[in-house]
Amino acid sequence: MNKFLFIATLLLLVSCSSDYESEYQNIPINYQVPSNFPPLAYNMENNPLTEKGFELGKKIFYDGRLASDGVVSCGFCHIQEDAFTHHGHTFSHGVGDGIGTRNAPPIQNMAYQTQFFWDGAANHIELLSMAPISNELEMNGNIIDIITMMQNDSEYQKLYRQAFENGEINSENMLKALAQFMTMLTSSNSRFDKYRRNESGGTLTQTELDGYAQI
């Protein structure tokens, strides 16, 4: 073989190998519990946090195609700039402007909880998403249709391969990805957090200190 052709072939193989490794590389996330927080309630050993798992969970969270109208995503009611609440609404509304009976609760710091929703209807972070997805007044989604949609979407195909060893697009992995995304939503740098950790910027007003003393 011509030495130049050999070198070109070798470079192509190296390039393909590098692209493959880059595509399938899934870097673990070293989650650190803030020093002023209680112990984790969620056992991450069964669903280790990774960059691709988080990325997949975020995509699912903001995908309106999970709802029957193709619009109402999880992020529709849990608005990020409003602390993941449905700010401005007494009761959250979903598909077809259906009005619920409660306002969507915030979803930060959920890895430290064992009960979810205002009435404690769910007790595991990996299971709670099924309630709003299937609720006819919220997203009115059909899990079979959702999984079929993802199986036919090239971006989802790639992310599931990257995020999970088996690469399967199924409800278990979907809920695990959502759990990884929600686990990372940790609010630990407010003035109150800094006050608890005796850090710079953690100064509370006298009114706030009085309120804290009543807790």
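# Questions about a predicted helical model

Buried residues account for 39% of the 215 residues in the protein chain. The model is a predicted one.

Reader: What makes up the secondary structure of the protein chain?

Author: The protein chain has 9 helices and 0 strands. Along the sequence the pattern reads α-α-α-α-α-α-α-α-α.

Reader: How much accessible surface does the protein chain have, and what share belongs to carbon and sulfur atoms?

Author: The accessible surface is about 12,800 Å², and 52% of that belongs to carbon and sulfur atoms.

Reader: What share of the contacts between residues at least 6 apart in sequence join residues at least 24 apart?

Author: In the protein chain that share is 54%.

Reader: How do you know that Cys74 is in no disulfide?

Author: A search of the whole structure finds 0 disulfides. For Cys74, the nearest cysteine sulfur is that of Cys77, 9.1 Å away. A disulfide needs two cysteine sulfur atoms within 2.5 Å, so at 9.1 Å Cys74 is in no disulfide. Cys77 is likewise in no disulfide, with the sulfur of Cys74 as its nearest, 9.1 Å away.

Reader: Where is His93, and why is it called buried?

Author: His93 is in the loop between α3 (74–77) and α4 (130–134). Its relative accessible area is 15%, and buried means under 20%, so His93 is buried. Leaving aside neighbours within four places in sequence, His93 is in contact with Phe76, Cys77, His86, Gly98, Ile99 and Leu137.

Reader: What is said of the phi of Phe84 and of Phe117?

Author: Most residues other than glycine have a negative phi. Phe84 is not a glycine, yet its phi is positive, about 60 degrees. Phe117, also a residue other than glycine, has a positive phi near 70 degrees. Phe84 is found in the loop between α3 and α4, and Phe117 lies in the loop between α3 and α4 as well.

Reader: How do helix α2 and helix α6 pack?

Author: Helix α2 (residues 51–61) and helix α6 (residues 154–163) pack at an angle of about 145 degrees, and their axes are 8 Å apart. The crossing of α2 past α6 is left-handed.

Reader: Which residues of α2 and α6 meet?

Author: On the α2 side they are Lys52, Gly53, Glu55, Leu56, Lys59 and Ile60. On the α6 side they are Glu155, Tyr156, Leu159, Tyr160, Gln162 and Ala163. By class, this contact of α2 with α6 has 6 nonpolar, 2 polar and 4 charged residues.

Reader: What makes Ala177 a buried residue?

Author: Ala177 has a relative accessible area of 0%, and the cut-off is under 20%, so Ala177 is buried. Ala177 is placed in helix α7. Not counting residues up to four places away in sequence, Ala177 touches Gly53, Leu56, Gly57, Ile60 and Phe164. The C-alpha atoms of Ala177 and Leu56 are separated by 6.0 Å, although these residues are 121 residues apart along the chain.

Reader: Why is Lys176 called buried, and what is it in contact with?

Author: Lys176 has 17% relative accessibility, and this is under 20%, so Lys176 counts as buried. Lys176 lies in helix α7 (residues 171–183). Apart from neighbours within four places in sequence, Lys176 is in contact with Asn46, Asn47, Glu126 and Phe164.

Reader: Where is Asn36, and why is it called buried?

Author: Asn36 is found in the loop between α1 (3–24) and α2. Leaving aside neighbours within four places in sequence, Asn36 is in contact with Asp193, Arg196 and Arg197. Asn36 and Arg196 are 160 residues apart in sequence and 6.4 Å apart in space, C-alpha to C-alpha.

Methods
Residues numbered from 1 in each chain as written. Predicted model: local features only at pLDDT ≥ 70, side-chain atom pairs only at ≥ 80, totals over all residues. Heavy atoms only, no water. Axes fitted to C-alpha atoms, helices over the stretch in contact; angles between N-to-C directions. Helix = DSSP H or I, 4+ residues; strand = E, 2+ residues; numbered from the N terminus. Left-handed = near helix turned anticlockwise from the far one by under 90°. Contact = heavy atoms within 4.5 Å. Nonpolar A, V, L, I, M, F, W, Y, C, P; charged D, E, K, R; others polar. Buried < 20%, exposed > 50% of the residue type's maximum accessible area, 1.4 Å probe, protein only. Areas by Shrake-Rupley, 256 points an atom, 1.4 Å probe, with all protein chains shown as cover.
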